[in-house]
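Student: Can we go through a protein model together? I keep meeting labels and I'd like to know what stands behind them.

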Amino acid sequence: MPLLREAVQQTHRTLEASHIPDARLEAEVMLMNVMRLQRHDLFSQQETEVSAQQEQMLSQILERRLKREPLAYILQYKEFYGVNLLVNPNVLIPRPETECMVEHALFMALMGMETPELVIADVGTGTGAIAVNLALHLPAARIHAVDVEDSVLDVAAYNIRAHNVADRVFLGKGDLLDPIPEPVDLILANLPYIPAERLPNLQPEVRWEPQLALDGGPDGLDLIRRLLEQAPGKLKEHGIILLELDPEQVPAVEALAKQVFPEAETSVEKDLAQRDRIFVINRGLNYC
């Protein structure tokens, strides 16, 4: 039976030979999963033997991964902003870029938006990743999480219950802001923004994900455009909107925002790769 370090090395080589992105990290995650280890144990137990049963489990995971099925779907979870979330092929896999949206929302809420009843809308909630994390860090907030498919909302509901925030996160089904029952202080929307013509050229892993969560129409802005049209009736007078975008879409969205909210200030926050990613529409609330 191989030692843990040998199994990690061999798995890494196999993944790398098939041009799997982040091959070393994925090899480690696979071994952590089959051996039920925390990350710090992975390095302290390098000489531990991998059992025959664990080898078989690893082989099954590896077989699926070499077909370019996303590892998150195979393992049925994804870590996002420090919490593990159930994922399945009904939902988009949460991205690191979206963690920047959570960070920026928390910064604004804690520095300038804290009210006795801060009301937030998470539009296109998917796994509930944004709503769950905001609820965990903003115990005074009330969060409405919205999506359009029952199968998606089932996943979000599971994650909301699993992290004990069901008393503060309320699910709604419908078109963008339509299900939101009250004016909100903050709208966060990670909506489909990939132009339809680019979908066939995406990484093989991405093509396993639901097209409904990826396809933004001809210019990628179909849903974002409709969200902004709905927003004046749902956003409070001094509210803020955060939109995740492709960097190339920033000028177009800035023009749309100025049409809908001519009095608002707009800005752009960068993601971890220092690319323009989070578009901010501020109706007038001052925060520092």
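Student: What should I know before we start?

Tutor: This is a predicted model, where local features need pLDDT of at least 70, side-chain atom pairs count only at pLDDT 80 or more, and totals for chains, interfaces and linings use all residues. Residues are numbered from 1 along each chain as its sequence is written, and side-chain values use heavy atoms, with hydrogens and water left out.

Student: Why are S1 and S2 called paired strands?

Tutor: Strands are DSSP runs of E with at least two residues, helices are runs of H or I with at least four, and both are numbered from the N terminus. Two strands pair if DSSP finds at least two bridges between them. S1 (residues 77–80) and S2 (residues 83–86) have 4 bridges, in the antiparallel sense, so they pass that cut-off. In one of those pairings, glutamate 79 has asparagine 84 as its bridge partner. The hairpin has 2 residues between the strands, and tyrosine 81 there takes a positive phi near 55°.

Student: What makes the crossover between S4 and S5 right-handed?

Tutor: S4 (residues 142–147) and S5 (residues 169–173) pair in the parallel sense over 5 bridges. The chain crosses from S4 through helix H8 (residues 150–162) to S5. Look with the strands pointing away from you: if the path from the first strand over the helix to the second runs clockwise, the crossover is right-handed. This β-α-β crossover is right-handed.

Student: How do you know that arginine 142 and glutamate 117 form a salt bridge?

Tutor: A salt bridge needs a side-chain nitrogen of Lys or Arg within 4 Å of a carboxyl oxygen of Asp or Glu. Here the N to O distance is 3.8 Å, so the pair qualifies. Arginine 142 is in strand S4 and glutamate 117 in the loop between H6 and strand S3 (119–123), 25 residues apart.

Student: Why is glutamate 117 called exposed, but arginine 142 partly exposed?

Tutor: Buried means under 20% relative accessible area, exposed means over 50%, and partly exposed is in between, using a 1.4 Å probe and protein chains only. Glutamate 117 has 51%, so it counts as exposed. Arginine 142 has 23%, so it counts as partly exposed.

Student: What makes arginine 283 buried?

Tutor: Its relative accessibility is 18%, so it counts as buried. Arginine 283 still forms a salt bridge with glutamate 263, with the closest N and O atoms 3.2 Å apart. Glutamate 263 is in the loop between helix H10 (250–260) and strand S8 (265–270), and arginine 283 is in the segment after S9, so the pair ties together parts 20 residues apart in sequence. Glutamate 263 has 45% relative accessible area, so this one is partly exposed.

Student: Why is helix H7 called mostly covered?

Tutor: In H7 (residues 129–137), 7 of its 9 residues are buried. Among them are Ile130, Val132 and Leu134.

Student: And what makes a nonpolar core?

Tutor: Take buried Ala, Val, Leu, Ile, Met, Phe, Trp, Tyr and Cys residues joined through side-chain atoms within 4.5 Å, and you have one. The largest here has 31 residues, and those with the most contacts inside it are Ile120, Leu134, Leu188 and Leu242. H6 gives the most to this core, with 7 residues.
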